[in-house]
Amino acid sequence: MQNAQDKFIDAAKRNLHICVGLDTDYEKIPDFIKKEKEPILKFNQIVIENTCNYAGSYKINFAFYEKYGPQGIEILEKTLEYIPKNILTIGDAKRGDIGNTSQMYAKSIYEYHKFDSVTLNPYMGIDSISPFLEYTDKINFVLVLTSNKSAVDFEKAKLNSGNYLYQEVLNKVNIWNANKNCGIVFGATNIEELKLNILEFNDLFVLLPGVGAQGGSLEEVVSLFTNNNITKYMINISRGLLYCDNSPNFPSKIEESIKSYNKIIESLS
């Protein structure tokens, strides 16, 4: 069975760099699907069935499921079952705590839900990350520079060393990557910072949110990675794919949409 690193690298070799973000919002799904008994699950199934031949990974945002309590967790679990076993799954939970709490979070993500990877908040230090690093066959995506506007509040704070805080986090993640099971989250909306720091990514796996609805440019990001001969990256697209059409033609429209993203990537690679 492939581990997380194998799945990521295999997808990259096939030029499949799109991560489909399953941030499923009932209010935004096509009206014809809302008539189903389990509309969110049915929507996710349609998305997966019509993108799985073209996606490099799937990212499930826990918040969109936890809001429904036990029923939401059941939908999350069933959604995971729809994803082909050879495609990387990312638990977008942004966990970050210390001691036994972090250890329990790691067990939940990797042993109970059986995700291939997770997003982590590093701002409590290595204590909050180390339990996840014990899973050497997984990928731990640490938040470095996020795509939201208020990232400037902390992530871009200037330190006495002259580095920004996000750069210090990037340096730490490189140190933590002894087992080659670390990745980073770096917002595609931060193109200038991406240009400035891309050579410091080294062996890290890179997850890039922010393309599409948040304003990040797919062409700029792909060109930058291609020009620096870096292939270990995934570009997350959520709203731009999930809500590309509201008609009964949605299944074919989302397939056309992800294929169009892939054509752009292929033309620039």
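In which sense, left-handed or right-handed, does α2 pass α11?

## Before we start

This is a predicted model, in which local features need pLDDT of at least 70, side-chain atom pairs count only at pLDDT 80 or more, and totals for chains, interfaces and linings use all residues. Residues are numbered from 1 along each chain as its sequence is written, and side-chain values use heavy atoms, with hydrogens and water left out.

A quick word on labels: helices (H or I, at least four residues) and strands (E, at least two) are DSSP runs, numbered from the N terminus.

## Helix α2 and its two partners

Back to the opening question: α2 passes α11 in a right-handed crossing. A crossing is called right-handed if the near helix is turned clockwise from the far one by less than a right angle, and left-handed if it is turned anticlockwise. The axes of α2 (residues 39-51) and α11 come within 9 Å and cross at roughly 45°. That makes α2 oblique to α11. Here axes are lines fitted to C-alpha atoms, for helices over the stretch in contact, and angles run from 0 to 180 degrees between N-to-C directions. As for the angle words, under 35 degrees counts as roughly parallel, over 145 as roughly antiparallel, 65 to 115 as roughly perpendicular, and the rest as oblique. On the α2 side, Phe43, Ile46, Val47, Asn50 and Thr51 meet Phe250, Pro251, Ile254, Glu255 and Ile258 of α11. Contact means heavy atoms within 4.5 Å.

Now take α4 (residues 70-82), whose axis comes within 10 Å of that of α2, with a crossing of roughly 20°. That makes α2 roughly parallel to α4. This crossing is right-handed. The residues that meet are Ile40, Leu41, Asn44, Gln45 and Ile48 from α2, and Ile75, Lys78, Thr79 and Tyr82 from α4.

## The buried face of α9

Which residues of α9 (218-227) are buried? They are Leu218, Val221, Val222, Leu224 and Phe225. Looking down the axis of α9, you'd find these buried residues within an arc of 160°, so they line one face of the helix. That arc is taken from the directions from the helix axis to the C-beta atoms.

What do the buried residues of α9 pack against? The list is β1 (18-22), α8 (191-197), β7 (205-208), β8 (233-237) and α11 (250-268). After α9 comes Asn229, which has a positive phi near 55°.

Ser102 sits in α5 (residues 99-112). With a relative accessible area of 1%, Ser102 is buried. The cut-offs go like this: buried means under 20% relative accessible area, exposed means over 50%, and partly exposed is in between (1.4 Å probe, protein chains only). Setting aside neighbours within four places in sequence, Ser102 is in contact with Asp97, Asp127, Ser128, Ile129, Pro131 and Phe132.

Leaving out neighbours within four places in sequence, Ala106 is in contact with Glu111, Pro131, Phe132 and Tyr135. Ala106 and Gly96 are ten residues apart along the chain, and their C-alpha atoms are separated by 10.0 Å.

Gln5 belongs to α1 (residues 4-13) and is buried, with a relative accessible area of 8%. A polar atom of the Gln5 side chain lies 3.2 Å from the backbone oxygen of Lys138. Not counting residues up to four places away in sequence, Gln5 touches Thr136, Asp137, Lys138, Ile139, Asn179, Lys180, Asn181 and Phe205.

Arg14 is in the loop between α1 and β1. Is Arg14 buried or partly exposed? Arg14 is partly exposed, at 44% relative accessible area. The C-alpha atoms of Arg14 and Glu266 are separated by 9.9 Å, while the two residues are 252 residues apart along the chain.

## Two loop residues with positive phi

Lys180, one of the residues that Gln5 touches, has a positive phi of about 55° although it is not a glycine. Lys180 is placed in the loop between α7 (165-176) and β6 (182-186), and is partly exposed, with a relative accessible area of 41%.

Asn202, another residue other than glycine, has a positive phi near 50°. You'll find Asn202 in the loop between α8 and β7, where its relative accessible area of 52% makes it exposed.

Note on methods: A polar contact is a pair of N or O atoms within 3.5 Å; within protein, one must be able to donate a hydrogen and the other to accept it, and residues adjacent in sequence count only if both atoms are side-chain atoms.
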